[in-house]
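Hi,

Here is the structure I promised to pass on to you. Have a look at it first, and then read on for my notes.

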Amino acid sequence: MDNNKNKKIYIAGFDVFKDDAIKIGNKYKEICKLYGFMGLYPLDNTFSSSNLIFKGNVGLINESDIIVANLNNFRGQTMDDGTAFELGYGYALGKLLYGYMDDDRSMIRKIGYKDSDGYNVEDFDKPINLMIAESTNIVKGDFESCVKRLKRDLTK
């Protein structure tokens with residue numbers, strides 16, 4: 001029997017800001033189903049006020065067992081800050097965290113020793129800030145490759 005069948009994945013990331021966000025969410029939920037999980041997408045909530053959206057997304061995270069997050073750069077040189085919050089909240093709740101990114105080179109290799117504003121870049125050979133890198137299983141690739149790895153890790 002598949003122990004993952006009832007596990008719920010909260011799908012975190014900036015894909016909700018794309019014009020075809022609903023279509024993307026449906027695709028991601030189908031991928032979850034393909035691998036034996038149930039996907040929860042932020043736009044499953046239909047709220048329009050920021051407070052209700054926040055509460056709805058927190059509710060979905062509470063309901064989930066796992067968070068799978070898009071860690072790719074968004075509006076700058078690092079991941080979406082809302083997604084970072086969701087991962088931190090999930091970590092505090094003891095959720096299993098997975099993330100995916102296209103470029104998993106170290107931050108130093110991607111950005112250099114100073115960022116565009118002159119701030120020092122941490123040098124821990126991680127592809128993203130250490131708080132995310134140390135709490136999240138990072139997979140190079142896309143959403144499906146991340147869920148596939150998650151499935152494999154859980155069946156070991």
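The largest nonpolar core has 19 residues, and those touching the most other members are I9, I11, Y28, F37, V68, F143 and L150. By nonpolar core I mean a set of buried Ala, Val, Leu, Ile, Met, Phe, Trp, Tyr and Cys residues joined through side-chain atoms within 4.5 Å; buried is under 20% relative accessible area, exposed over 50% and partly exposed in between, with a 1.4 Å probe and protein chains only. At least two residues of this core come from each of β1, α1, β3, β4 and α6 (143-154), and α1 gives the most, with five. Helices (H or I, at least four residues) and strands (E, at least two) are DSSP runs, numbered from the N terminus.

Before going further, please note that this is a predicted model: local features need pLDDT of at least 70, side-chain atom pairs count only at pLDDT 80 or more, and totals for chains, interfaces and linings use all residues. Residues are numbered from 1 along each chain as its sequence is written, and side-chain values use heavy atoms, with hydrogens and water left out.

Beyond its neighbours within four places in sequence, I9 is in contact (heavy atoms within 4.5 Å) with C32, F37, M38, G39, L40, S64, I66, V68 and L150. There is also a second, separate core of 15 residues, with L40, I61, I128 and I132 among them.

Next, the strands. In β3 (residues 66-70), five of five residues are buried: I66, V68 and N70 on one face, I67 and A69 on the other. β3 runs parallel to β1, joined by four bridges, and I11 stands opposite V68. Strands count as paired if DSSP finds at least two bridges between them. β3 also runs parallel to β4 (residues 96-101), with five bridges; there, I66 has L96 as its bridge partner. From β3 the chain crosses through helix α3 (residues 81-92) to β4 in a right-handed β-α-β crossover, meaning that with the strands pointing away from the viewer, the path from the first strand over the helix to the second runs clockwise.

Finally, D15 lies in the loop between β1 (8-12) and α1 (21-34). Is D15 buried or exposed? D15 is buried, at a relative accessible area of 3%. Its side chain makes polar contacts with those of Y28, at 3.3 Å, and N70, at 3.4 Å. A polar contact is a pair of N or O atoms within 3.5 Å; within protein, one must be able to donate a hydrogen and the other to accept it, and residues adjacent in sequence count only if both atoms are side-chain atoms.

Best wishes
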